[in-house]
Amino acid sequence: AILAANANTGRLDAIQFGIGDSGPQMISPASALPVIVDPVTIDGSTQAGYDGMPLVRIDGSGAGPGVDGLRIETSDTIVRAMMVTGFSSVGVRVVNATNARVESSYVGTDGTSDLGNGVDGIAIQWGLGNRIDNCVVSGNGSSGVILLSTTDVEVTRSLIGTSADGLLDVGNGIDGIQVRGGSSLRLGTGVAGAGNVIAWNLQYAINIGSVGTLTTDVLIAGNKIGTDASATLALPNDRGVRVSGNTTDITIGGEAPDFRNIISANSKEGISVTDAQRVTILGNYVGLDVNGESLGNGWYGITVGDASAAKIGSASNGNVISGNGFDGLYIYGNATEPVTVHGNFIGTDPTCLLYTS
């Protein structure tokens, strides 16, 4: 590695790579790497021959038990175009940092194979303004991405549970994205092309909820959940999106077309909401592909139980809920405030002309 330091402070500013002549290279630490406590850019795109696929792999299979790969405990740090595999704990852990970014990296896979880290792929704990963008986070023992009591986080343009081509099964062992507390979280942003593909995960694609720690102000927008990026091929998670526990003000979809999630082809339910407040579900396709053709979830399309002030659809932008194995929409239990259902197409295609139940 080539280390570039700031001439004025002596502080390390960048780690660049020039290993061998060119091509893939592997670094195999025998113990834990130092914790990153000063801002730095670790830039695998500087390795000769880089053309979009990470060439520098840090593999922790020999680093010992309970070891994270890259542990970031400082602000303004970037991990770019790196491959992080085989660590016994978390691949990349960001702790109490501000404006840290993990981008264009593979965590838990080399792009085709399961080389997962033992626990989570990327964990963001506490902190503010951190970003995950254009990554492949697959094959990890627990969740691909876990967000813990953090604020203002975006997860965008990433493949979570698939190979780098977005097709092969390299599912994470529990959830694709797990959220346990926090606020102002965006899983996709509603900007065209900013959504994620979340597929093949062994439990939920997205699992939001916690006991004791409030999760609030979460947007889930523009994602393909249970399909490939084209939203035409079935790549099922066990379940799609779950919202439960101490959660409030969760929005799944939105008014504009680019906010639409395709939540289809999952083995069980598409969306489940339990014991949550003010969950809004708008403009999604639940059980259909992008063309409005049947690609049903195996169980229910949407279930809502003991949830207060949930809104499913609106006068201007309902959901299309069709093609699912059981009921399209199932509401049960008690709620302190009414659940409203408005403007949805249930059992039809988006034009309301074709029967797709």
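These are legends for several close-up views of one predicted model.

The model is predicted, so local features need pLDDT of at least 70 and side-chain atom pairs count only at pLDDT 80 or more, while totals for chains, interfaces and linings use all residues. Residues are numbered from 1 along each chain as its sequence is written, and side-chain values use heavy atoms, with hydrogens and water left out.

View 1. A nonpolar core here is a set of buried Ala, Val, Leu, Ile, Met, Phe, Trp, Tyr and Cys residues joined through side-chain atoms within 4.5 Å; buried means under 20% relative accessible area, exposed means over 50%, and partly exposed is in between (1.4 Å probe, protein chains only). Strands are DSSP runs of E, at least two residues, numbered from the N terminus. Zoom in on isoleucine 206: beyond its neighbours within four places in sequence, it is in contact (heavy atoms within 4.5 Å) with Ile177, Leu187, Ile198, Ile220, Ile225, Gly240, Val241 and Arg242. In soluble globular proteins, nonpolar side chains tend to be buried together.

**View 2. Threonine 227, tucked into a loop.** Threonine 227 sits in the loop between strand S20 (224-225) and strand S21 (239-253). With 0% relative accessibility, threonine 227 counts as buried. Who are its partners? Setting aside residues up to four places away in sequence, threonine 227 touches Val197, Ala199, Leu233, Leu235, Ile262, Ser264 and Leu295.

View 3. Leu167, Leu168 and Leu233 make a nonpolar surface patch of about 250 Å². Leu233 is also on the contact list of threonine 227. Leucine 168 is found in the loop between strand S16 (159-160) and strand S17 (177-187), and its 43% relative accessibility makes it partly exposed. Patches are made of residues with over 30% relative accessible area and no salt bridge; like charges are joined within 9 Å, and nonpolar side chains (Val, Leu, Ile, Met, Phe, Trp, Tyr) within 5 Å. The areas come from the Shrake-Rupley method with a 1.4 Å probe, and for residues only the protein chains shown count as cover.

**View 4. Aromatic rings in a cluster.** Ring pairs link Trp299, Tyr300, Phe326, Tyr330 and Tyr332 into a cluster. The whole structure has 4 aromatic pairs. In one of them, the rings of tyrosine 300 and phenylalanine 326 have centres 5.3 Å apart and planes at 80°, so the pair is edge-to-face. The pair links distant parts of the chain, 26 residues apart: tyrosine 300 lies in the loop between strand S25 (285-286) and strand S26 (302-305), and phenylalanine 326 in the loop between strand S28 (320-321) and strand S29 (329-332). Phenylalanine 326 is partly exposed, at 45% relative accessibility. Rings of Phe, Tyr and Trp (its six-membered ring) pair if their centres lie within 6.5 Å; planes under 30 degrees apart count as stacked, over 60 as edge-to-face and the rest as tilted.

**View 5. Arginine 93 meets aspartate 68.** This is a salt bridge at 2.6 Å, N to O. Arginine 93 lies in strand S9 and aspartate 68 in the loop between strand S5 (56-59) and strand S6 (70-72), so the bridge ties together parts 25 residues apart in sequence. Arginine 93 is buried at 16% relative accessible area, and aspartate 68 is buried at 11%. The structure holds 16 salt bridges, each being a side-chain nitrogen of Lys or Arg within 4 Å of a carboxyl oxygen of Asp or Glu.

**View 6. Arginine 131 and aspartate 152.** The closest N and O atoms of this salt bridge are 3.4 Å apart. Arginine 131 in strand S13 (residues 131-133) and aspartate 152 in strand S15 are 21 residues apart. Arginine 131 is partly exposed at 23%, and aspartate 152 is partly exposed at 22%.

**View 7. Two residues with positive phi.** Most residues other than glycine have a negative phi. Asparagine 99 has a positive phi of about 60°; it lies in the loop between strand S9 (92-95) and strand S10 (101-103). Serine 149 has a positive phi of about 50° and sits in strand S15 (residues 145-156).

Note on methods:
Helices (H or I, at least four residues) and strands (E, at least two) are DSSP runs, numbered from the N terminus.
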